[in-house]
Amino acid sequence: MGKEVFDTFFLIHGAPLVLIDDTLPARNFLKSWREKILPEKPKYVLVISGHWETNEPSINVVVRHETIHDFEDFPPEMYELQYPAPGSQELATKVNDVLVAAGYKPLHVDTKRGLDHGAWVPLMEMYPEADVPVCQLSIQSHENGTYHFNLGKALAPLREQGVLIIGTGSVTHNMESLIVNNVGGTVADWALEFDDYVKDALLNGRYDEVNQALEKHPHAKMAHPDGPVHFYPLLAAIGAAGGQKAKAELIHHSFSRHTISYANYRFKSAE
């Protein structure tokens with residue numbers, strides 16, 4: 001039997017209430033990860049989260065991760081959650097090696113940073129034992145979508161080395177227009193239109209359109225009023241599955257609070 005070559009994924013990481021609110025369909029999706037999505041446990045997990053921005057690509061290397069509660073005004077139990085997954089110098093070295101081979105500068109190594117909620121929220125449901133070594137790779141919000149797509153392409157060889165590569169964020173992320181008690185589950189028209197546009201482009205392999213969606217789609221500024229950070233991890237996940245050769249699959253879809261898309265995608269290499 002040949003060695004596992006992992007698909008890549010774009011997963012939601014919030015609102016963090018997905019960990020405690022059983023009314024959210026996305027919670028059940030994440031809880032079913034090992035049973036329905038990916039039964040084989042990876043050797044490592046590399047997370048690209050929109051909540052770590054640096055000028056140049058950086059990676060964290062710690063013995064055991066602290067849990068960063070980088071959110072405000074949530075129920076007290078959210079701040080008690082801990083995800084003490086181990087870090088991995090070995091994984092960080094592998095990431096650095098493939099990026100340098102692709103022409104990037106050596107990674108900056110952060111030996112103090114733990115896991116932000118973009119990493120630990122989904123991982124807490126996916127691997128609740130916190131026994132899979134994890135590293136986070138930062139994004140560069142001053143760069144464009146194509147840059148992150150290409151960054152992901154450089155990471156692709158890691159999939160053959162036991163590494164599960166996950167980008168986390170949201171296709172739409174407008175916290176200013178959400179409706180907390182959204183009776184009836186209504187969705188803003190602009191959110192539906194942007195989400196549908198991205199979905200259609202992904203499922204039909206039009207990745208150049210996805211890379212440029214934040215620049216060209218008329219609802220992009222409503223979908224991401226705080227900038228591109230929740231969208232760029234999607235592009236890195238596509239790139240890591242082979243870029244233009246990747247095949248997208250929508251593995252969960254729901255909306256929360258009127259404006260937040262909970263679309264989750266799997267990317268398989270067509271090779």
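Q: In which element is the place of N28?
A: This is a predicted model, in which local features need pLDDT of at least 70 and side-chain atom pairs count only at pLDDT 80 or more, while totals for chains, interfaces and linings use all residues. Residues are numbered from 1 along each chain as its sequence is written, and side-chain values use heavy atoms, with hydrogens and water left out. Helices (H or I, at least four residues) and strands (E, at least two) are DSSP runs numbered from the N terminus. In that numbering, the place of N28 is in helix 1.

Q: Is N28 buried, exposed or partly exposed?
A: Buried means under 20% relative accessible area and exposed means over 50%, with partly exposed in between (1.4 Å probe, protein chains only). The relative accessible area of N28 is 46%, so this residue counts as partly exposed.

Q: How far apart in space are N28 and L11, C-alpha to C-alpha?
A: Along the sequence, N28 and L11 are 17 residues apart. In space, from C-alpha to C-alpha, the distance between N28 and L11 is 13 Å.

Q: Which residues have the most contacts inside the largest nonpolar core?
A: In soluble globular proteins, nonpolar side chains tend to be buried together. A nonpolar core is here a set of buried Ala, Val, Leu, Ile, Met, Phe, Trp, Tyr and Cys residues joined through side-chain atoms within 4.5 Å. The largest such core has 38 residues, and those with the most contacts inside it are W33, V45, Y83, L123, Y127 and L164.

Q: Which element gives the most to this core?
A: The elements that give two or more residues to the largest core are strand 1 (8-12), helix 1 (25-31), helix 2 (33-37), strand 2 (44-53), helix 4 (117-126) and strand 6 (163-169). The element that gives the most to this core, with six residues, is helix 4.

Q: Which residues of helix 4 are buried?
A: Because 10 of the 10 residues of helix 4 are buried, this helix is largely enclosed by the rest of the structure. What covers its buried residues includes strand 1, helix 1, helix 2, strand 2, strand 5 (134-139) and strand 6. The buried residues of helix 4 are H117, G118, A119, W120, V121, P122, L123, M124, E125 and M126.

Q: With which residues is V45 in contact, leaving aside its neighbours within four places in sequence?
A: Contact means heavy atoms within 4.5 Å. Once neighbours within four places in sequence are left aside, V45 is in contact with L91, L123, Y127, V132, P133, V134, C135, L164 and I166.

Q: How are helix 5 and helix 10 oriented to each other?
A: Axes are lines fitted to C-alpha atoms, for helices over the stretch in contact, and angles run from 0 to 180 degrees between N-to-C directions. Helix 5 (residues 145-155) and helix 10 (residues 232-240) pack at an angle of about 40°, with their axes 6 Å apart. Angles under 35 degrees count as roughly parallel, over 145 as roughly antiparallel, 65 to 115 as roughly perpendicular and the rest as oblique. The relation of helix 5 to helix 10 is therefore oblique.

Q: Which residues make the contact between helix 3 and helix 5?
A: The axes of helix 3 (residues 89-101) and helix 5 come within 8 Å and cross at roughly 115°, and the two helices are therefore roughly perpendicular to each other. The residues that make the contact are V95, V98 and L99 of helix 3, together with, from helix 5, L151, A154 and L155.

Q: What is the phi of D73?
A: Most residues other than glycine have a negative phi, and most peptide bonds are trans. D73 lies in the loop between strand 3 (58-60) and helix 3, where this residue is exposed, with a relative accessible area of 80%. Its phi is positive although D73 is a residue other than glycine, with a value near 65°.

Q: What is the phi of A130?
A: A130 is found in the loop between helix 4 and strand 5 and is buried, with a relative accessible area of 8%. Although A130 is not a glycine, its phi is positive, at about 55°.

Q: With which residues is A213 in contact, leaving aside its neighbours within four places in sequence?
A: A213 is found in helix 8 (residues 213-216) and, at 0% relative accessibility, counts as buried. Apart from neighbours within four places in sequence, the residues in contact with A213 are F194, Y197, A220 and F231.
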